[in-house]
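Colleague: Before we discuss the packing, please show me the model and its sequence.

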Amino acid sequence: MTVIKAVTCPVCGSLCDDIELTIENGRIVKVKNGCAMCESKFLGYNSEHRLLKPLIRKNGELVKASLKEAIGRTAEILAEANYPILYGWSSTSCEAISLGLELAEEVGGVIDNTSVVCHGPSILSIQEVGIPSCTLGQIRHRADLVVYWGSNPWSAHPRHIERYTAFSEGRFEKSAWRGYLTKIKASNVKKKIESAIRRMFLKGKPPAPAYIRNEPPSTLQKEGRKLIVIDVRKTRSAEIADYFIQVEPNKDYELLQAFRALIRDQEIDVDEVAGVPVEYLEEVADLMIKCDFGVLFFGLGLTMSSGKLRNIDAALSLVRNLNMWTKFVIMPMRGHFNVTGANTVFTWQTGYPYAVDFSLGYPKYNPGETSVVDVLLRKESDAALIIASDPVANFPKTAAEHLVKNPLIVIDPHMNATAQMADVVLPSAFVGIEAGGTAYRMDHVPLPLKKVVDPPRGVLSDEEILRRILAEVRRMKRKRAEAA
Amino acid sequence: MEKPRLRVTLLTGRTIEQGVGKERGKASKEYVESVSVCYIDPEDLKRLGVKEKTNVMVSTDYGSVVVKALKSLRAPHPSIIFIPYGPWANVIVNPETHGIGMPSFKGIPAEVEPTPDKPILSLEELLMEQFGKGAK
């Protein structure tokens, strides 16, 4: 039995690197410090859904094949295609992504990563407006006001609040955990009293209000760290917060601009914005200006709702305005564990962070045209390689419809919806468990991914599979050139 | 009597159950059960005249899908329904990318109606229905 300390968790963009794993007979038997998703991955990755043998579609059915045959078929599909898509990349190592870019250039395809359906709009806005940001360590030690907007870290980044923000014990700011426990206890007592009163006198529940419109509580003026959540629905994260603002769906832009106006001392001549009374907003704007170090984390609630990149423009501009008064930073809540790495490696090698088209022989970037969903909606691609991603489960149906008509290659450790539609399936080792590498945390800090156990016999890493495909594609192209 | 239909706004997003399920395996029971559901405000469930765990059909301009109605734990959010990201939500989300590559996954006008007699398809059945293709 061995215990491996300081393992980096390959699940979400928080990339917690304090995981302790107990290994027994080549299997992970215990996970310490991880969240529910982390435990699920480390303990359940080798489930019955694991792909162990390469598969090739023959007579409409996926059947087992040798690795050599599967790689040969993959190379053939890619070498013959005029406009192949190479998509995924956010759940693999930077080293594999680097080889993927080389392959995309070799076959003249469109290479895109999952940020196109998560923080793509954020990247576009950052390129226009710029981003005042910092590392999560700075936030942990200094931030006294934390705002999550359109983001539910409790579900998507479960340890984010505990490790980096409100509940972390910083050098200059203390954890707000005890205050939260007191609040929960008080709220439970209040609920019990209210329900007793209802049972005794009112006989039934009071009519529920249309929206949650709670005034900013007096505790918002307390000393120490404060947590505000702004979202269209009350999430688990909203319950933890000192103050929750419920914004009407698709009206985040209005609310962001209202905050900007208030921070610039402008009058707002309406009573409420996006369903929130202006007097409440004034109090929060005041809090933002008066904090010593504020941070705004934003999630897909902003990038996927009406306005998309313009919501992010407004959020970035709000933080810029706030920096006229105090120190304020902003950061997107990146989802996959290495989506930031995908953007970084794409930018090193092509100059652009996602949606890169190599069909002209040089990298071209124009999201809306060279982004994978648009290529699919226009039905232009004629082959696809999907790695470490499941677009059939994550793209709108009309986009996935064209994808499954293409000759489809899937490189993944698990059977998923996309692999079920594939023509070639190449099983791979889990990066961060069975293969090492590098990944970038959401604040652009690179961290090593450890290999803690061996992959099943015959299963290669993404990096090795891509290296072999690339070599085979080059060999085929050379052969054709010689024949011509 | 005509069945009640409710006009709502559809949101899609993450839940911790979906997060745990996807790490376990995208073909796992945990994953499939975590993404073939729809969280509805308790008052809206009353308006639809259904109890929790009844099958409902959610329709948008882009398609219809049958999912299991669950009572939202953090109401009120009248006329807002929530389906976790996954193959079921994808049938009905808006593919429009507004020229920037990003489809519209949140804030989509939708309608909900009770369909207690219609089954929730398995992942294989759903893929076969939507794309006419499968592993076998």
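Colleague: Which residues have the most contacts inside the largest nonpolar core?

Modeller: The model is predicted, so local features need pLDDT of at least 70 and side-chain atom pairs pLDDT 80 or more, while totals for chains, interfaces and linings use all residues. Residues are numbered from 1 along each chain as its sequence is written, with chains lettered from A and ligands numbered from 1 in the order written. A nonpolar core joins buried Ala, Val, Leu, Ile, Met, Phe, Trp, Tyr and Cys residues through C-beta atoms within 7 Å, buried meaning 20 or more other C-beta atoms within 10 Å, and exposed 12 or fewer, with C-beta atoms placed from the backbone. The largest has 197 residues, and those with the most contacts are Val147(A), Ala315(A), Cys38(B), Val58(B) and Ile81(B).

Colleague: How wide an arc do the buried residues of H19(A) cover?

Modeller: Asp462(A), Glu463(A), Ile465(A), Leu466(A), Ile469(A) and Val473(A) are buried in H19(A). Taking directions from the helix axis to the C-beta atoms, they lie on the same side of H19(A) because their arc is only 160°.

Colleague: Which exposed residues does the face turned away from the buried side of H19(A) carry?

Modeller: That face of H19(A) carries Ala471(A), Arg478(A), Lys479(A), Glu482(A) and Ala483(A).

How values were computed. Helices (H or I, at least four residues) and strands (E, at least two) are DSSP runs, numbered from the N terminus.
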